[in-house]
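These notebook entries record what I looked up in one structure.

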Amino acid sequence: MLDMKYLRSHFAEVKERLKFRGEDMSAFEDFEELEKKRRELLGQTEELKSKRNTVSQEVARLKKEKQDADALIAEMREVGEKIKELDADLRDTEEKLEQLMLRMPNIPHESVPAGDSEEDNVEIRTWGNVPEFGFEAKPHWDLATDLDILDFERAGKVTGSRFTFYKGAGSKLERALISFMLDLHTEEHGYTEMMPPYMVNRTSMTGTGQLPKFEEDAFRIEAEDYFLIPTAEVPVTNYHRDEILNGEDLPIAYAAYSACFRSEAGSAGRDTRGLIRQHQFNKVEMVRFVKPEDSYTELEKLTGHAEKVLQLLGLPYRVLDMCSADLGFTAAKKYDIEVWLPSYNEYKEISSCSNFEGFQARRANIRFRREKNGKPEHVHTLNGSGLAIGRTVAALLENYQQEDGSILIPEVLRPYMGGKEKIEKK
RNA sequence: GGAGAGCUGUCCGAGAGGUCGAAGGAGCACGAUUGGAAAUCGUGUAGACGGUUACCGCUGUCUCAAGGGUUCGAAUCCCUUGCUCUCCGCCA
């Protein structure tokens with residue numbers, strides 16, 4: 001959510017910035033009028049309440065002195081009715097204003113490149129060498145099925161499409177990657193490990209920006225009105241919802257493993273094979289709560305932490321600076337990290353590192369105090385995948401495949417794989 | 001799932017229709033005292049949203065789990081929801 005006071009005084013400017021990201025502003029045209037109406041109603045009702053308060057004290061005094069207060073009480077009864085009316089009107093106006101605000105996307109940072117589509121994202125660096133195979137390389141779904149380490153078919157029977165069973169060395173590899181990434185982030189990068197709930201309530205989903213606009217992307221538990229988390233970002237960011245943090249404790253950094261659930265509404269027909277687009281996948285997520293003035297250096301740091309995982313795994317990747325059209329609803333600035341995927345013969349997103357500035361902090365009411373008795377300010381929040389595990393498995397299988405269909409295990413993972421050097425057919 | 005108890009400020013805890021943003025402690029901050037500390041004493045110690053303002057500030061409204069209701073007036077009475085605790089049942 002944007003800052004209401006800022007919006008009030010810079011509405012024209014904000015409109016320009018949001019048009020820059022391709023947002024249709026017609027839905028927000030009512031903002032100024034609603035905002036003005038809100039303040040008018042607030043002024044009126046507060047004035048009456050003030051009157052009621054003073055007169056009520058007067059009534060108390062008269063009664064104490066055994067004097068007649070009936071006239072005042074009658075008068076206040078009317079005032080009470082009027083207040084009730086105004087309050088109802090005010091509530092209605094505030095509700096409309098809030099709904100509007102909750103659907104207004106974040107303002108892009110000035111460094112965000114202009115663009116109309118994902119074509120305009122800017123590649124800012126690449127790392128590693130794209131492998132060249134002296135044989136016909138296979139996609140990971142074929143490799144994995146041959147090795148009997150993934151079973152998409154039976155998952156289809158047991159649940160439905162876009163699910164999988166990990167099996168044997170495949171399951172162990174998934175587990176190894178989770179442990180490896182968590183250990184790296186906690187031991188080398190200073191994160192505190194966390195395992196969050198996989199279901200959250202509506203308030204949490206609204207806090208991080210998945211709701212109200214993107215409800216169809218999430219799985220919902222109807223009986224409780226809970227949502228399966230699409231990413232650990234949701235529970236972990238909301239961990240500090242409605243809190244005032246101690247400025248000295250910032251930055252606060254959490255690394256959380258969780259399963260993630262996405263309905264993939266609107267993705268029918270895309271990436272139908274393999275691990276790339278599943279309804280359920282594992283991910284290690286990094287979340288940072290920082291001071292506003294630090295958030296852009298923090299974003300570089302966070303992105304570096306995600307890149308480090310790929311470097312240690314020896315997987316070639318590139319980093320993209322997301323253009324104005326591809327920023328997503330909540331981010332002010334976003335880098336995507338894409339790993340090389342031989343089966344696609346291109347780079348494919350494996351991590352997304354974002355600076356939300358105060359956008360989530362305002363929604364979720366996460367603040368901090370610089371000094372003991374200082375005024376609370378909103379923190380800036382950031383998060384990034386470090387990394388999506390399923391896609392990492394896909395990349396490992398494809399990039400480390402051998403001619404005989406076996407998979408070489410990168411050195412850093414071997415301690416987590418019982419010392420095993422390769423995955424091969426039994 | 002059944003029965004019961006509770007939810008007040010950073011924490012503990014009073015409060016039972018008007019004088020309550022809320023007694024009293026503790027904690028914390030600052031000051032006095034001290035060679036320094038402990039102890040002691042003094043002072044201070046919410047947030048949101050408006051108005052006003054160059055700034056310090058001043059001022060109004062709201063907030064005692066959340067939302068609604070009764071009343072001239074609600075922390076206090078009523079209703080709904082959430083959460084916590086105890087006992088029973090079921091259970092990884």
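This is a predicted model: local features need pLDDT of at least 70, side-chain atom pairs count only at pLDDT 80 or more; totals for chains, interfaces and linings use all residues.

The entries below go from helix packing to the RNA strand, then to the sheets and the backbone.

**Entry 1**

**Entry 1. Helix 3 and helix 4**

I recalled that two packed helices are described by the angle between their axes and the distance between the axes. I looked up helix 3, residues 31–64, and helix 4, residues 70–102. They pack at an angle of about 155 degrees, and their axes are 8 Å apart. Angles over 145 degrees count as roughly antiparallel, and helix 3 and helix 4 are therefore roughly antiparallel to each other. I recorded the crossing of helix 3 and helix 4 as left-handed. For the contact of these two helices, I listed the residues by class: 18 are nonpolar, three are polar and 14 are charged.

I next asked which residues come nearest to RNA strand B. There are 25 residues around RNA strand B, and R8, R38, R77, R369 and K372 come nearest.

Helix 1 (4–9), helix 3, helix 4 and strand 14 (366–369) each supply at least two residues. Helix 3 gives the most, with 13 residues. By class, the surface near RNA strand B holds 16 charged, six nonpolar and three polar residues.

- R8 has a polar side-chain atom 2.9 Å from a phosphate oxygen of RNA strand B.
- R38 has a polar side-chain atom 2.7 Å from a sugar or linking oxygen of RNA strand B.
- I73 has a backbone N or O atom 3.4 Å from a sugar or linking oxygen of RNA strand B.

I found an open sheet of three strands in the order 5-7-6, and its pairing is antiparallel. Strand 5 (199–201) and strand 6 (220–221) are the edge strands, and each pairs on one side only. Strand 5 is joined by three bridges to strand 7, residues 226–228, and the two run antiparallel. I noted one position in particular: N201 stands opposite Y226 in strand 7.

**Entry 2. The sheet with strands 8, 14 and 15**

I found an open sheet of three strands in the order 8-14-15, with mixed pairing. Strand 8 (243–246) and strand 15 (377–378) stand at its edges, each with a single partner strand, so one side of each has no neighbour in the sheet. Strand 8 pairs with strand 14 in the parallel sense, over four bridges. N246 has R369 as its bridge partner in strand 14.

I looked up helix 7, residues 169–188, with helix 10, residues 295–313. Their angle is about 130 degrees, and their axes are 11 Å apart. Helix 7 and helix 10 are therefore oblique to each other, and their crossing is right-handed.

I then looked up helix 7 with helix 12, residues 389–399. Here the angle is about 115 degrees, with the axes 10 Å apart. Angles from 65 to 115 degrees count as roughly perpendicular, and helix 7 and helix 12 are therefore roughly perpendicular to each other. Helix 7 passes helix 12 in a right-handed crossing.

**Entry 3. Backbone details**

P212 is placed in the loop between helix 8 (202–208) and strand 6. Another cis peptide bond joins G386 and L387, and its omega is about 5 degrees. L387 lies in strand 16, residues 380–388.

I also noted D225, which has a positive phi of about 55 degrees although it is not a glycine. D225 lies in the loop between strand 6 and strand 7.

Key
Residues are numbered from 1 along each chain as its sequence is written. Chains are lettered from A and ligands numbered from 1 in the order in which they are written. Side-chain values use heavy atoms; hydrogens and water are left out. Axes are lines fitted to C-alpha atoms, for helices over the stretch in contact, and angles run from 0 to 180 degrees between N-to-C directions. Angles under 35 degrees count as roughly parallel, over 145 as roughly antiparallel, 65 to 115 as roughly perpendicular and the rest as oblique. A crossing is left-handed if the near helix is turned anticlockwise from the far one by less than a right angle, and right-handed if clockwise. Ala, Val, Leu, Ile, Met, Phe, Trp, Tyr, Cys and Pro count as nonpolar, Asp, Glu, Lys and Arg as charged, and the others, Gly among them, as polar. A residue is near a molecule or strand if one of its heavy atoms lies within 4 Å of it. A polar contact is a pair of N or O atoms within 3.5 Å; within protein, one must be able to donate a hydrogen and the other to accept it, and residues adjacent in sequence count only if both atoms are side-chain atoms. Two strands pair if DSSP finds at least two bridges between them.
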